[in-house]
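Thanks, everyone, for making the time.

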Amino acid sequence: MGLNDTPSGERLRISFFGKRNSGKSSLVNAITNQEISVVSDTLGTTTDPVNKAMELLPLGPVLITDTPGFDDTGVLGELRVKRTKQILNKTDIAILVTDATRDMDSLELELIQIFKDKMIPFVVVKNKMDLANVDFNDNADALKTFDDAPVVFTSALNKTNIHELKETIGHLVPDTENKIRLIGDIIEKEQTVVLVIPIDESAPKGRLILPQQQAIRDILEAGAFAVTTRETELASLLTKMNPKPDLVVTDSQAFALVNSVTPEDIPLTSFSILMARYKGFLETSVKGARAIDTLQDGDKVLISEGCTHHRQCGDIGTVKLPKWLKERTGKELQITATSGADFPENLEDYKLIIHCGGCMLSSRELVYRMKCALDAGVPFTNYGIAIAYMKGILDRAIAPLNIED
């Protein structure tokens with residue numbers, strides 16, 4: 001896998017915010033050393049968020065996002081500002097680009113407050129220093145008034161202090177030394193993990209889906225053994241394995257069959273449940289799944305996926321989950337399905353939200369969606385946990401993860 005093949009959900013997202021013509025696009029181009037964004041003296045040249053996946057030392061794989069001006073006007077301008085606010089929910093590090101030839105105004109201070117409210121580490125950049133008749137160092141000392149947020153003085157035009165800005169951003173990267181792994185921290189060296197991977201109409205041709213790839217890689221990094229099989233061959237495989245495997249991980253859609261053929265003394269879970277733990281919303285999802293049995297006729301249920309793909313005839317979000325919900329509850333439910341960035345702002349009308357594992361979303365965005373649901377008083381769960389609950393095997397499926405139910 002090349003550097004630019006790192007999944008977007010695993011990349012650190014660095015987003016540039018500010019008013020129109022503050023030099024955001026020029027600064028993005030200077031940092032990436034590429035013409036990523038169109039630069040012009042005309043206000044509002046950047047009309048939509050512009051993304052660039054790249055390797056940015058010393059940070060590693062990142063996703064750079066240039067956003068429209070936060071002061072855009074008119075109907076289209078309001079939509080652009082709305083999209084800019086949506087980017088904030090995905091942002092790991094925010095860069096506020098200001099014009100060094102003037103003082104910061106209320107809109108820029110509003111952005112700083114949003115960063116703080118959302119607990120996003122941020123850097124204040126005083127750009128266009130080539131036009132300001134002031135000394136860099138004197139101003140650096142004078143501007144440390146925003147909760148000790150770093151302040152960097154740059155000239156995107158002259159490439160001044162671009163290296164210093166990169167170094168400053170690098171020091172804001174969260175410490176990931178003790179970060180939860182997808183599976184590597186719940187297995188031991190030389191243990192054997194069986195991965196059950198259905199190959200059906202919903203499986204991508206010629207490749208594995210992302211959580212399956214990530215699980216294999218994480219198992220290998222742990223010095224353990226990854227054995228893969230389809231659900232149709234699992235029973236035969238288990239009879240041939242001596243000693244027995246230490247863990248079985250299945251695609252959630254095959255949970256019922258895999259549970260029936262996997263002996264009780266072999267721990268069992270799913271890719272989706274592992275992903276919920278990895279992304280930071282496992283406990284909430286376990287509690288949310290129990291709300292399935294409280295649903296009544298006419299209740300609205302949101303089924304949301306983080307990625308966009310062509311819907312197949314047996315699609316899990318629009319076909320299988322609604323079918324299993326009806327079988328479990330016996331109720332006529334109103335199902336809404338969304339994908340990608342299309343996550344509703346108003347959630348209060350829903351009685352339950354079932355989200356995918358979120359392999360294509362950052363942990364920050366998934367946790368944000370979860371918090372939006374909880375703020376609205378709506379139970380929040382995920383595909384694998386909901387399926388395990390409806391199939392009556394949730395306790396078994398979360399047992400290998402050692403969480404408090």
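Let me start with the packing around helix H1, whose buried residues pack against strand S1 (12-18), strand S2 (50-56), strand S3 (60-66), strand S4 (93-99) and strand S5 (122-127), and also against helix H5 (162-170). Please keep in mind throughout that this is a predicted model.

Which residues of H1 are the buried ones? They are Lys24, Ser25, Leu27, Val28, Asn29, Ala30, Ile31 and Thr32. Because eight of the nine residues of H1, which spans residues 24-32, are buried, this helix is largely enclosed by the rest of the structure. Directly after H1 comes Asn33, and its phi is positive, near 60°.

Ile14 has a relative accessibility of 0%, and since buried means under 20%, it counts as buried. Ile14 and Val62 are separated by 48 residues in sequence, yet their C-alpha atoms are 7.1 Å apart in space.

Now to the chain as a whole, which holds 14 helices and 14 strands. Of its 405 residues, 51% count as buried, and the accessible surface comes to about 19,100 Å², with 48% of that area belonging to carbon and sulfur atoms. If we take the contacts between residues at least 6 apart in sequence, 75% of them join residues at least 24 apart.

Technical notes. Residues are numbered from 1 along each chain as its sequence is written. This is a predicted model: local features need pLDDT of at least 70, side-chain atom pairs count only at pLDDT 80 or more; totals for chains, interfaces and linings use all residues. Side-chain values use heavy atoms; hydrogens and water are left out. Helices (H or I, at least four residues) and strands (E, at least two) are DSSP runs, numbered from the N terminus. Buried means under 20% relative accessible area, exposed over 50%, partly exposed in between (1.4 Å probe, protein chains only). Contact means heavy atoms within 4.5 Å. Accessible areas come from the Shrake-Rupley method with a 1.4 Å probe; for residues, only the protein chains shown count as cover.
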